[in-house]
Structure formats: C-alpha cells, structure tokens
Amino acid sequence: MLPIEVTSLQKNYGSLKAVDGVSFTVKEGEVFGLLGPNGAGKTTTIEIMEGLRERDSGDVKVLGLDPWTNGYSLHKKIGVIPQEFTFMEKTTPREAINYYADLFNIKVNADEILKDVLLEESAKTHFENLSGGQKRKTGLALSLVNSPDLLFLDEPTTGLDPNARRAIWEVVRGLKAKGKTIILTTLYLDEAQQLCDRVAIMDHGHIVAMGTTEEIIQQHGSGERLTIHGSQQLADYIKGNTELLVDYDTAKSEIVIPLKKKIDALAALAAAEQSGLDWGEIQTRQDSLDDVFVKLVSEPVEEVETLPEQKKKSWRR
Amino acid sequence: MVSGKRIYADFKVFSRGYLRNKFGLFFGLIFPVILILIFGAIFAGGSSGPVNVYAQNQDTGLPTGINIGSSFLESLNESGTVRVITVDSTINFTKYLADHSSSDGIIIPASFSTSYASGQSVNITVYGNPTSSTSGIVSGTVNGYANGFNLNYFQRKYNDSTPAIISITGATVNTQQTKYVDFLIPGLIGFSILTSPMFSLVNISSEYKKNKLFKQLSLTPLTKMEWLTSKMIWYIVLTIAGFLLMVGVGIFVFGAHVALNVGLIPFLVLGPMLFAALGMLVGTVTKNPETAGVIGNIVTFPMMFLAGTFFPLSSMPQYLQTFAHVLPLFYVTEGLNNVMVYGNMTGALIDIAVLGVITLVIFVLAVKLFKWRED
C-alpha cells in the first residue's frame with residue numbers, strides 16, 4: 001500500500017475549477033512537492049488529503065483511509081502544518097507540545113521534539129513573541145507530537161527570510177533522514193529542488209509536469225544550446241557552412257544553436273573562426289527548472305523571489 | 001466520546017493564557033468590582049441627611065414679645081428632615097435664593113403671630129422647584145407642622161385635651177430595608193455573567209476561525225464540544241471568583257444585605273454556560289471578526305441595560321418590562337434578585353427552569369453550527 005494515492009481528484013468553488021482531475025501517488029519515505037503559483041490548487045489538494053476539505057469527485061486514499069470520512073482516525077496518524085500556522089498567543093512552544101500530547105493521550109519528550117525542530121532556545125517564549133521562522137518551527141514541532149510517519153507541510157517557508165527558510169529546510173532534511181514521508185507545497189523552485197525527491201508542477205488545477213527535477217527538465221526543457229555573441233552576418237555564415245540549425249536573436253545580438261551532440265559546438269565554433277568575422281562571448285546552457293516552470297505555467301509568477309543559479313559554462317576567446 | 005482528559009488539557013492551556021492576559025483579567029474580575037464601587041458610592045445610603053432650607057421670618061411678634069413665627073421655624077428644625085437657615089428680614093428673599101443656587105425657601109409673614117393669636121387665617125409662602133426631590137420634602141414638612149399648629153390652636157381654644165386620634169408607626173415590607181446596593185449586587189453579577197463570557201467567546205471564536213486555529217485543532221483528537229465545554233468551565237470559575245469579590249465589596253464596603261445560599265449556584269453555572277455558548281454561536285455564524293463584534297454588541301447591549309442590571313425593572317415603562325422577558329439575562333438577574341434580595345425560592349426555580357431550557361437550546365445550536373473544517 002502506498003501512503004498516498006490520488007486519482008482524478010476534482011474540487012470546484014462555484015464555477016472555479018480549483019482542482020481539475022489530478023492524479024499522483026507518493027511512495028514511502030519520499031519527499032513529494034506540489035509546486036506552483038498562488039491559485040494553482042496546491043492548498044486545496046493538500047487540504048483534501050489532510051481531511052480538512054471535502055472533494056467533489058475522484059478517489060483519495062491516505063494511509064489506506066478516506067481522509068474526509070475517516071478524518072478523525074486519520075488525524076491520529078498524520079502530522080500537518082497548515083498554511084500560515086498560528087497558535088494561542090500566550091502559550092509557549094513547550095506548553096503547546098505538552099497540550100498536544102495530552103490531547104493525543106501520549107507521553108512525549110518535549111525537549112527532544114524541540115531539539116528536532118531547532119527550537120530549544122525559544123521553548124519558554126510566548127507564541128506571540130516568536131519570530132516568523134520560530135512560529136513555523138512550533139508548527140513543525142506540533143505536527144511531530146503524535147510521531148507520524150506521514151507529514152503534510154503547506155507552504156512551510158512562505159514569507160520567511162532566507163536564513164529562516166534554510167533552518168526549516170534543515171529540519172525537513174532531518175525528518176527525511178528519519179524515514180518520514182513528506183508532502184509539501186511550495187511557491188519556490190529552489191525549495192522544490194533542495195528538498196523534494198519528486199515534484200508535481202501545478203497550474204490552474206492541473207498537474208502540468210511530474211517527476212524528479214532532472215526528469216522534468218529533460219522532458220519539458222529544450223536541451224543544450226550554444227550561444228555566440230555576434231552579427232547577423234556571422235549567423236548566416238555559420239548556417240551556410242554547417243548543417244546546424246541556427247537562430248538569431250536580434251535584440252541580444254545572439255546566435256543561438258541547439259546542440260544535438262556536444263561535438264556540434266566545435267563545428268559551429270570552427271565555422272565562426274573561419275568566417276573571419278568578429279565574435280564575442282560564447283556559452284552553452286541548458287534549461288533550468290525555472291525555465292521549464294515559466295514555460296509550463298501560463299500566468300506570470302509574482303511570488304517566485306529566488307531563482308536557482310543557471311547551469312552556465314563560458315569561455316572567452 | 002467526550003474525554004475529560006482532553007477537556008482538562010484544553011482548560012489548562014486556555015486558563016493559563018487567560019491569566020497571562022492582564023486585559024482580560026481586568027474586564028473579567030476588576031471591572032465589575034469598580035462598577036459596584038462607583039454605583040454604590042453614587043447611591044450610597046439613599047438620603048443625604050436633612051434638606052437645607054432658607055427661611056425669612058418677617059413676623060413682628062405679639063406685644064408680649066412672643067414670636068410664634070420663630071417657634072414654628074424651631075419646630076421645623078427639630079423635625080430632622082429639614083435644616084432651617086434664617087435669613088435677615090430686610091433682604092430681597094427671591095434674589096437671595098437665586099444667589100445661593102437654592103430653590104427651597106420659606107417666608108413667615110409679618111402678621112403671623114397676631115393672626116395666629118386671634119384665630120385669623122394667615123399664609124406661609126413656601127418656595128420650591130417641582131422637579132427637585134428636596135422641594136417635596138420641604139413642602140411636606142411645612143404642611144405637617146402647619147397642621148400641627150392648627151390643631152394645637154383649636155385644642156387650646158376649646159380646652160380639649162384629647163390626644164391625637166391618628167398616629168403613625170414606621171415599618172417596611174422586608175425585615176431589613178432594601179437599599180439600592182442590595183439590588184445593585186445581583187444586577188452587576190448578572191452584568192459580569194453576561195459580558196465576560198459573551199465578549200470573550202465572540203472574539204475568540206471569530207478570531208480562531210479567521211486565523212485557522214480551529215482547523216489546526218481539528219487535526220487533533222479534541223472535539224468541538226470538548227473545546228466549548230472547557231471554555232464554559234473556565235467562565236464558571238471566573239464567574240464564581242467575580243461573584244465572591246463583588247459580594248465581598250458590597251457587604252464590607254456598602255453594608256449590603258444579600259442572602260447567600262445554594263439557590264445561587266444554578267445561576268452561577270447556567271449563566272456563564274449560556275453566554276459562552278451564545279458568544280460562540282455569534283462568532284460561528286458571522287463571516288469575520290468585525291461582523292462578529294457588531295452582531296455581538298447588538299445582542300449584548302440591550303441585555304446590559306434592559307434586563308435589570310443597573311436599574312430595577314420596576315422603574316421602567318411597562319413595554320420595556322415586557323420586552324425584558326425575551327432577554328435571556330433577565331432570568332439571571334431576576335433569579336439572583338429572587339434568591340439574594342426577596343428570598344422568593346419559587347420564583348427562582350422558575351427562572352432556573354427557563355434558563356436551563358435556553359442554555360440547552362443555545363448550546364446545541366452553537367455546537368451544531370460550529371464547523372472545525374470546511375467543505
């Protein structure tokens with residue numbers, strides 16, 4: 001039995017199709033990311049899996065249970081941080097953990113949980129006085145109280161500063177190392193690349209791509225390209241003297257040559273040298289996840305703040 | 001299955017948070033005591049001693065030197081209800097009253113002694129303001145003494161030694177006289193039973209909904225009925241603490257006479273339960289905290305003033321008294337008054353029954369309509 005099996009899931013809000021025929025599975029011990037812009041349907045999908053929302057149609061099994069009808073028993077086995085996690089203002093993280101332990105009727109070592117989420121120093125601070133990152137960590141701590149093997153993290157780092165984000169990543173990696181299965185939603189490509197074994201890119205209620213980030217880039221990216229800074233004349237020369245496909249980007253004064261094989265680059269460079277014309281910087285590059293993301297997701301994505309480094313090689317003549 | 005352990009866990013976290021919030025504690029416990037101190041001080045004792053009254057004695061007296069006008073004023077002074085301040089007979093009396101911001105005055109005319117001695121009618125002028133309660137006291141007292149003097153005249157004239165036929169002995173309905181503060185204590189206990197849980201639960205339930213804390217709690221084994229029950233228990237505890245404080249202040253500061261017995265317990269338990277559930281209901285059926293606040297006020301304010309909290313219901317027009325019967329708080333204040341002031345246990349039992357039914361209905365509605373999750 002897979003921890004999560006979602007088949008043809010649908011959910012409408014009035015005429016809006018928030019989730020429109022989504023299917024995927026998550027394996028044990030896997031970190032699975034739902035990546036997409038705001039309004040893509042990530043939170044609706046994850047909340048349906050958590051049993052916080054009812055679905056319109058489709059089949060959802062979480063640990064073999066229907067999350068809506070068996071929510072009460074499912075909740076004892078899973079850990080969840082809802083988006084923008086908040087808690088009672090005048091309660092400290094340690095008290096919150098003990099409160100949850102009482103509710104779940106289990107004994108826990110609060111210190112150990114606090115250590116797992118890197119929150120020992122703020123154990124006695126009232127929730128209202130915690131920083132944004134510490135608040136999320138409190139949420140993480142609470143989601144661990146019932147020692148679940150399956151965790152749902154809904155945008156665990158949205159709105160946090162870069163250091164706080166990295167600290168949360170640290171915690172998530174630690175949980176993965178302990179063999180927990182984790183589903184997370186995120187707006188951030190780097191987060192998906194850093195944490196997830198597999199990613200599903202969502203847009204307008206659909207999954208538009210799914211797999212490891214490498215697989216997605218391979219399937220939806222345009223492959224390796226050679227670009228040479230130079231004139232239209234040079235582009236025409238290369239085109240005339242090789243068998244390569246040559247595009248010219250007038251705006252950037254760039255000659256763009258898709259490479260089927262690495263050796264094609266040599267042919268292009270040899271032709272350029274032969275032409276006797278001037279040429280500048282050359283580089284080869286491959287589509288990154290964000291190139292693919294921008295290509296797949298139809299609306300402009302405002303929330304993506306940090307873009308991952310491009311895979312870049314360059315030479316100077 | 002309702003779990004006492006979970007209710008206790010939630011109670012612990014909630015009460016600790018409440019006690020750490022000085023603002024909530026102030027409104028829950030200190031504010032009602034301050035109200036008792038303020039209202040008790042304003043109406044303390046009911047009357048403020050004899051009424052000051054200015055008197056101008058123009059009486060020239062009898063040739064023998066006897067001045068009956070003076071004797072009349074002395075008698076008034078000894079009554080204890082008025083204190084006579086004599087004013088020089090040459091002064092313009094109405095101007096004098098105005099200058100001293102007083103509307104109460106008496107003029108004894110020049111011919112008072114001679115007329116009285118010869119049995120001719122004579123007029124005492126009493127100045128007063130019909131809207132002021134002191135004027136009634138002054139004219140009543142003067143009237144009484146004038147009758148006494150008249151009777152005395154005839155007794156002497158006919159050598160009649162018959163004692164007065166009608167005399168009055170003072171008595172009141174209750175064994176002890178009911179003072180305003182006696183009424184105020186049950187009223188203000190009712191006030192705090194209403195406001196503290198009601199405002200709190202309206203606020204908490206709408207805020208928890210807005211910031212998704214309910215969603216968060218729905219992921220634990222805690223049920224919504226357990227959640228509401230723990231809040232009710234906390235407000236019962238708070239109400240009893242407030243009750244003891246208010247009764248203590250009433251008795252020790254203002255010498256209030258209120259009866260304390262087991263008949264009070266149902267009101268101190270059902271009251272907070274009812275208004276915690278009602279607050280929850282308002283917070284649940286409204287869209288956001290702002291709307292919840294407005295609806296909460298619309299529900300709360302009429303009860304605050306019209307259910308016999310600050311003013312006795314009997315001092316209100318009939319239509320308001322009828323209206324009060326649809327306000328749930330009415331049955332709390334009436335019941336508390338029945339037990340603490342009138343000792344009317346039959347009446348209190350009816351109030352408990354009505355209150356029990358209302359509480360049950362509101363509780364069931366609140367739990368039914370309240371959603372942890374969304375669909």
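Which domains does the domain assignment of chain B give?

**View 1. Domains of chain B in the predicted model.** The assignment divides chain B into domain 1, which comprises 6-44 + 179-369, and domain 2, which comprises 51-157. Taken over C-alpha atoms, the centres of domain 1 of chain B and domain 2 of chain B are separated by 54 Å.

**View 2. Packing of helix 7 of chain B with helix 10 of chain B.** Helix 7 of chain B spans residues 180-210 and helix 10 of chain B spans residues 265-285; their axes lie 7 Å apart and form an angle of about 30 degrees. Because angles under 35 degrees count as roughly parallel, the two helices of chain B are described in this way. Helix 7 of chain B passes helix 10 of chain B in a right-handed crossing.

**View 3. Residues in the contact of helix 7 of chain B with helix 10 of chain B.** Helix 7 of chain B contributes residues including Ile193(B), Leu194(B), Pro197(B), Met198(B), Phe199(B) and Lys209(B). Among those supplied by helix 10 of chain B are Gly271(B), Pro272(B), Phe275(B), Met280(B) and Thr284(B). By class, the residues of this contact comprise 14 nonpolar, seven polar and one charged.

**View 4. Contact between chain A and chain B.** Chain A provides 20 residues to the contact, and chain B provides 20 residues. On the side of chain A that touches chain B, helix 3 of chain A (residues 93-104) gives the most, with six residues. This side of chain A has nine nonpolar, four polar and seven charged residues.

How values were computed:
Residues are numbered from 1 along each chain as its sequence is written. Chains are lettered from A and ligands numbered from 1 in the order in which they are written. This is a predicted model: local features need pLDDT of at least 70, side-chain atom pairs count only at pLDDT 80 or more; totals for chains, interfaces and linings use all residues. Axes are lines fitted to C-alpha atoms, for helices over the stretch in contact, and angles run from 0 to 180 degrees between N-to-C directions. Helices (H or I, at least four residues) and strands (E, at least two) are DSSP runs, numbered from the N terminus. Angles under 35 degrees count as roughly parallel, over 145 as roughly antiparallel, 65 to 115 as roughly perpendicular and the rest as oblique. A crossing is left-handed if the near helix is turned anticlockwise from the far one by less than a right angle, and right-handed if clockwise. Two residues are in contact if their C-beta atoms, placed from the backbone, lie within 7 Å. Ala, Val, Leu, Ile, Met, Phe, Trp, Tyr, Cys and Pro count as nonpolar, Asp, Glu, Lys and Arg as charged, and the others, Gly among them, as polar. Domain bounds come from an automatic or database domain assignment.
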